[in-house]
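Here is my note on the model, point by point. Please read it with the structure open.

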Amino acid sequence: PPSALRPRPLPPSHQRRDRQQTPARSRIAMPHSFSRDSNVWYCVAGGVAAGFAAGAAVGMALVHVWTPSFCKPKARGVELLYWPGRGLMEVPRMMMACAGYFPGGDYTDGRYDSKTVKDQLDANLGRMPILKIGEASIGQSVAINYYIAKATNLMGTTVLETSQILSIQEHLKEMKQAFHKLIPYGTPPTPELLEKWFTTGATDYSGMADQKSRYERYMKWFTGRLEGVVGSGGFAVGGKLSLADILIYNVFAETLLPEESSLKEGEEYKAEPFYSSKGSAAAIEDCPKIKGIISSVKSDPGVQKWLKIRASAGAYIF
């Protein structure tokens, strides 16, 4: 790291104490029920016990070839509290799916109205979404995304990668805010407004941003800028799947099929990214890195399984 960020050497009087501390990474609070390493010592003990008669070495070797049923990771005690829709909870659901966790056997995907869970919403100031981990609760989508991404190894492998993922999350958040400033929530889009969002606006796609056109930053500006930020090879950060990839898929490609929804007549536009799948696809046609990221997420086995589960459940209202 840059010299300004390198830790200073500890004085001799502190060095012994430092060596006795747990390394920083292992001190990160991970829920016992969520961690893939939570039962590792039980698994080791089981492997050693099973091979005891054949000698300790063979017993330890069995750890690598035989996994007792109790070693399978589960997300027991994890519950998502949200409305019966995609919204702010679809990204956490997809991250869980990428890690091999699915509702029912692994966690609870709660779909509620606010009255049903009114006594469980304090962590988000009386609102949803809420992530419950045992007796603890987390509010705010950015915190929920971070927690699940960290717990499922989708938050990068270094502090730098984690920061880059969070940066992309903020870029996308800013983009959605610009869209809803143009077309407010609950307002049916007109063809004129959609055309304005998808085809007009600022064109300074690189270099110093032009402050004179800051109020005209629409789809083309954000996609042009984002294309210069994300990585190549089908992944936004670190050359592997992360929260950033799932967020990009969610913003540009997440689409609700007719059999998945209970949208009212005239509200079909709510099922499509930026209220138009056609417009969204055309806007990223010249963005091969963004398209590659979407393809990587869409082809993930966990995501494919989740989309099938989601389709069979139906009844999304947004």
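Predicted model: local features only at pLDDT ≥ 70, side-chain atom pairs only at ≥ 80, totals over all residues.

1. Two strands count as paired if DSSP finds at least two bridges between them. On that basis β1 and β3 are partners: four bridges join them, and they run antiparallel.

2. What is the sense of the pairing between β1 and β2? It is parallel, over four bridges. To get from β1 to β2 the chain passes through helix α4, residues 90-98. This β-α-β crossover is right-handed.

3. β3 and β4 also pair. Four bridges link them, in the antiparallel sense. Ile 130 has Gly 139 in β4 as its bridge partner. Helix α5 packs on the sheet and touches β1, β3 and β4. The direction of α5 makes about 120° with that of β4.

4. Now put the strands together. In general, strands of a sheet pair through backbone hydrogen bonds, either parallel or antiparallel. This sheet is open, has four strands and mixes its pairing. The order is β2-β1-β3-β4. Which strands sit at the edges? They are β2 and β4 (136-139), each pairing on one side only. Neighbouring strands are turned by 20° against each other on average, with direction ignored.

5. How much of β1 is covered? The strand spans residues 78-82, and five of its five residues are buried. Val 78, Leu 80 and Tyr 82 point one way from β1. Glu 79 and Leu 81 point the other way. Both sets are buried, Glu 79 included.

6. Check the backbone next. Most residues other than glycine have a negative phi, and most peptide bonds are trans. The bond between Met 128 and Pro 129 is cis, with omega about 15°. Pro 129 lies in the loop between β2 (108-111) and β3 (130-133).

7. Asn 153 has a positive phi, near 60°. The residue belongs to the loop between α5 (141-151) and α6 (159-182). Phe 274 also has a positive phi, about 50°, although it is not a glycine. Phe 274 lies in the loop between α9 (243-252) and α10 (277-283).

8. Phe 274 has 8% relative accessibility, and buried means under 20%, so Phe 274 counts as buried.

9. Ser 296 is found in α11, residues 288-299. The relative accessible area of Ser 296 is 19%; the cut-off for buried is under 20%, so Ser 296 is classed as buried. What does Ser 296 touch, not counting residues up to four places away in sequence? Its contacts are Gly 234 and Phe 235.

How values were computed: Residues numbered from 1 in each chain as written. Heavy atoms only, no water. Helix = DSSP H or I, 4+ residues; strand = E, 2+ residues; numbered from the N terminus. Buried < 20%, exposed > 50% of the residue type's maximum accessible area, 1.4 Å probe, protein only. Right-handed = clockwise from strand over helix to strand, strands pointing away. Contact = heavy atoms within 4.5 Å. Axes fitted to C-alpha atoms, helices over the stretch in contact; angles between N-to-C directions.
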